[in-house]
Amino acid sequence: MQLYNKLSAEERRTMIREAGKERLTISFYQYARLGNPELFRNHLFVAFDNLEVLGRIYVAHEGINAQLSIPADRFMEFKNFLDDIYFLKDIRLNIAREQDNESFLKLKVKVRNKIVADGLNDETFDVTNKGQHVNAEQFNALIEDPNTILVDMRNHYETEIGHFKNAWTPDVDTFRESLPIIENEIKQHKEDKKLVMYCTGGIRCEKASAYYKHKGFKDVYQLEGGIIEYHRQVTEKGLENKFRGKNFVFDQRLSEKIGDEVIANCHQCGEPCDTHTNCANDACHLLFIQCDSCKEKYENCCSQECNDIIQLPLEEQKKLRAGHYNSNNIFKKGKSEKLKFKKHV
Ligand SMILES: [Zn+2]
Ligand SMILES: [Zn+2]
């Protein structure tokens, strides 16, 4: 029985193209008590591999968080499989608005300590005492209320390209880091303001809202299903869209278009642009915003230095890279002094 991904991204890309079948990009999460995450992980891998699912799925004692893609014609099988798992029955599946058959190229199911790295000690507060869930219509009304503090629970590279009107967007690299920063900033309003929060698909707010209630905030609300579900409801019900710009997503697409407005700038020349890319120098891999003309000028690199490096023979590049790790750069160093026009939100 195969329990781990064996194909390379390139092999998978070729297979997807040859199959020529439409794929759906989907995300979902659920907090639940899992006695044996390893066993559940193996069960999922076998089933998902059979269903031709690709994606990144985290399993922990506290539940599951999944971002994946599946052939559209196998959606019902997939749905039935989930419905047979008691804590996933009728789970809300966030289906991406803009589809890309190559949004994921590997199936990775991992056991983690937590499904979202929040740095919280869950034993010290009641994680089930969550904020009140609101739909798009209720959310629209709430965020116009002068008595509301609207907080974006995402990171700087996410909020830079898109966020709700009137939202406070803390300049943070991680969710974990954002929790105390936000608390400190608004602690004097525990009793007199409504605390309204949102994130991409709702998962971060599930924990954050319980945490802030525990910290004494009286009126806590969270956007159910996050920006993805908000966008779906606004489109379906013809509501006013109060989200400006693009929604950052965690797959190959990097973002989903919501309105026509571009609220960010190319980090190299400052022209309006909201397209993220990763620096083509593998030793850097910095995540940043780059317009088409800078893309051409720097050959997909974040700087002249990186552009010089990619001209070297591969062997030379490998030597330069020896002993350096780039994993932190991918999102963290979305802040680099080489990026003149990186906005600090
Ligand atoms: Zn540019
Ligand atoms: Zn670079």
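How accessible is K110: buried, partly exposed or exposed? K110 is partly exposed, because its relative accessibility is 37%, which lies between the 20% and 50% limits. The model described here is predicted.

## K110 and the charged patch

K110 sits in strand β5, which spans residues 107–111. The residue also belongs to a positive surface patch.

## The five-stranded sheet

Strand β5 is part of an open sheet of five strands. The order is β4-β1-β3-β2-β5, and the pairing is mixed. Strands β4 (94–95) and β5 stand at the edges, each with a single partner strand, so one side of each has no neighbour in the sheet.

Strands of a sheet pair through backbone hydrogen bonds, in either the parallel or the antiparallel sense. Strand β2 meets both senses here. Its pairing with β5 is parallel and covers five bridges. In that pairing, R56 stands opposite K108 of β5. Its pairing with β3 (residues 63–71) is antiparallel, with seven bridges. Across it, G55 stands opposite L68, and I57 stands opposite A66. A hairpin of two residues joins β2 to β3.

How many residues of β2 are buried? Six of the seven in this strand (residues 54–60) are, so β2 is largely enclosed by the rest of the structure.

## Backbone with positive phi

Two residues other than glycine stand out for their backbone angles. E52 has a positive phi of about 60°. E52 lies in the loop between α2 (37–50) and β2. Its relative accessibility is 32%, so E52 counts as partly exposed. E52 also takes part in a network of salt bridges, together with K21, D73, R74 and E77.

N166 has a positive phi near 70°. Its place is the loop between β8 (162–164) and α6 (175–186). N166 is exposed, because its relative accessible area is 54%, over the 50% limit.

## Salt bridges

Side chains of opposite charge can pair when their charged atoms come close. The count for this model is 32 salt bridges.

One of them joins E224 to R92, with N and O 3.6 Å apart. E224 lies in the loop between β10 (219–223) and α8 (226–237), and R92 lies in the loop between α3 (75–83) and β4, so the pair ties together parts 132 residues apart in sequence. E224 is partly exposed, with a relative accessible area of 35%. R92 is also partly exposed, at 27%.

R204 forms a salt bridge with E158, and their closest N and O atoms are 2.9 Å apart. E256 and R253 form another salt bridge, at 3.2 Å from N to O. Both E256 and R253 are buried.

## A proline in helix α6

P180 lies in helix α6. P180 is partly exposed, with a relative accessible area of 46%. How far apart in space are P180 and Y212? Their C-alpha atoms are 9.8 Å apart, while the two residues are 32 apart in sequence.

How values were computed
Residues numbered from 1 in each chain as written. Chains lettered and ligands numbered in written order. Predicted model: local features only at pLDDT ≥ 70, side-chain atom pairs only at ≥ 80, totals over all residues. Heavy atoms only, no water. Patch = residues over 30% accessible without salt bridge, like charges linked within 9 Å, V, L, I, M, F, W, Y side chains within 5 Å. Areas by Shrake-Rupley, 256 points an atom, 1.4 Å probe, with all protein chains shown as cover. Salt bridge = Lys/Arg side-chain N within 4 Å of Asp/Glu carboxyl O. Lys, Arg positive; Asp, Glu negative; His and termini not counted. Charge placed at Lys NZ, Arg CZ, Asp CG, Glu CD. Helix = DSSP H or I, 4+ residues; strand = E, 2+ residues; numbered from the N terminus. Buried < 20%, exposed > 50% of the residue type's maximum accessible area, 1.4 Å probe, protein only. Pairing = 2+ DSSP bridges.
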